[in-house]
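Colleague: I'd like a close look at just one part of this model, please. Here it is.

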Amino acid sequence: MYTLFWSTRTAAFMPDAVLSLAGVAFDRHLVKRTNGRVDDTEFSKISPMQQIPALLMPDGSVLCESVAISLAVAERHPEAGVLPPAGTQDRALVYRWMMHMVCNIYEPDLRYSYSDRYTTDPNGQQGIKQASAERMDRSFDVVEAELKDGPWFLGDTMTVLDIHLAAYACWHFDTPSLLQRTPKIAGICTNIRKHAVVGPLFELYNMRDLDFLA
Ligand SMILES: N[C@@H](CCC(=O)N[C@@H](CS)C(=O)NCC(=O)O)C(=O)O
């Protein structure tokens, strides 16, 4: 049995979606947070960076890092249907865009949200926030420019890319203005918000940011 360490509005959303799509049994363990920060001494034994998510595997080992967890679960459970076959160009594109989004969207989002961690200058936080916001926006625009006609990131079939992209869009500092500027990303978000299995997780994770699309 898997145990997913989670909390609302965190990147546990993505592996949760993959596990749910695969239909495998798993427990959710809520990690205690105070003011958005992990506040749970027991959790440091699971995640040395004290970051959510982490996945306790059936063999007792632990996997951290949201992208690694999503990809590993999708590979172990092909029935989830969100990972193109190994060795194909689509699989290579999954790697490319997962890396693009985690480095150039998620990481700047963390810099924006936890700006005090990224400067020793007591007056430096506003500059960090502004630069991070610009970096995030530019990186979303790169995705928008490369998307084809949909309905999903890679065309006809939903993949882990769609799940990650929609979560990052939810956490943007101004989701409506982002999606107005990026209609193809908005289309993917609309589709995934309506998905029978993934859609309900937006409520569980208190990610109501896409509700206005309905
Ligand atoms: N690179 C990590 C980042 C994880 C991360 O920063 N998670 C946030 C929530 S989305 C977190 O744990 N924040 C609480 C804290 O840093 O105290 C990943 O992709 O899993």
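How many bridges join strand β1 to strand β2, and do the two run parallel or antiparallel?

Modeller: First, a word on what you're looking at. This is a predicted model, where local features need pLDDT of at least 70 and side-chain atom pairs count only at pLDDT 80 or more, while totals for chains, interfaces and linings use all residues. Residue numbers start from 1 along each chain, following the sequence as written.

Now your strands. There are 5 bridges between β1 (residues 2-6) and β2 (residues 26-30), and the two run parallel. To get from β1 to β2, the chain passes through α1, and this β-α-β crossover is right-handed. That means that, with the strands pointing away from you, the path from the first strand over the helix to the second runs clockwise. Strands count as paired if DSSP finds at least two bridges between them.

If you want to follow the pairing residue by residue, start with tyrosine 2, which stands opposite phenylalanine 26 in β2. Threonine 3 faces aspartate 27, and leucine 4 has arginine 28 opposite. Leucine 4 also has leucine 55 as its bridge partner in β5. β1 and β5 are joined by 3 bridges and run antiparallel. As a reminder, strands of a sheet pair through backbone hydrogen bonds, in either a parallel or an antiparallel way.

Zoom out a bit and you have an open sheet of 4 strands, in the order β2-β1-β5-β6, with mixed pairing. β2 and β6 (62-64) are at the edges with a single partner strand each, so one side of each has no neighbour in the sheet. From one strand to the next, the twist averages 20°. Contact here has residues with C-beta atoms, placed from the backbone, within 7 Å.

Two spots in the loops around here are worth a glance. Most residues other than glycine have a negative phi, and most peptide bonds are trans. The bond from isoleucine 52 to proline 53, however, is cis, with omega near 15°, and proline 53 lies in the loop between β4 and β5. Asparagine 35, not a glycine, has a positive phi of about 50°; it is found in the loop between β3 (33-34) and β4.

How does this part sit in the whole chain? The domain assignment, which is automatic or from a database, gives domain 1 (2-80) and domain 2 (89-195). There, 9 residues of domain 1 are in contact with 6 residues of domain 2. On the domain 1 side, α1 (13-22) and α2 each supply at least two of the touching residues. That side has 8 nonpolar residues, 1 polar and no charged, where Ala, Val, Leu, Ile, Met, Phe, Trp, Tyr, Cys and Pro count as nonpolar, Asp, Glu, Lys and Arg as charged, and the others, Gly among them, as polar.

Technical notes:
Two residues are in contact if their C-beta atoms, placed from the backbone, lie within 7 Å. Axes are lines fitted to C-alpha atoms, for helices over the stretch in contact, and angles run from 0 to 180 degrees between N-to-C directions.
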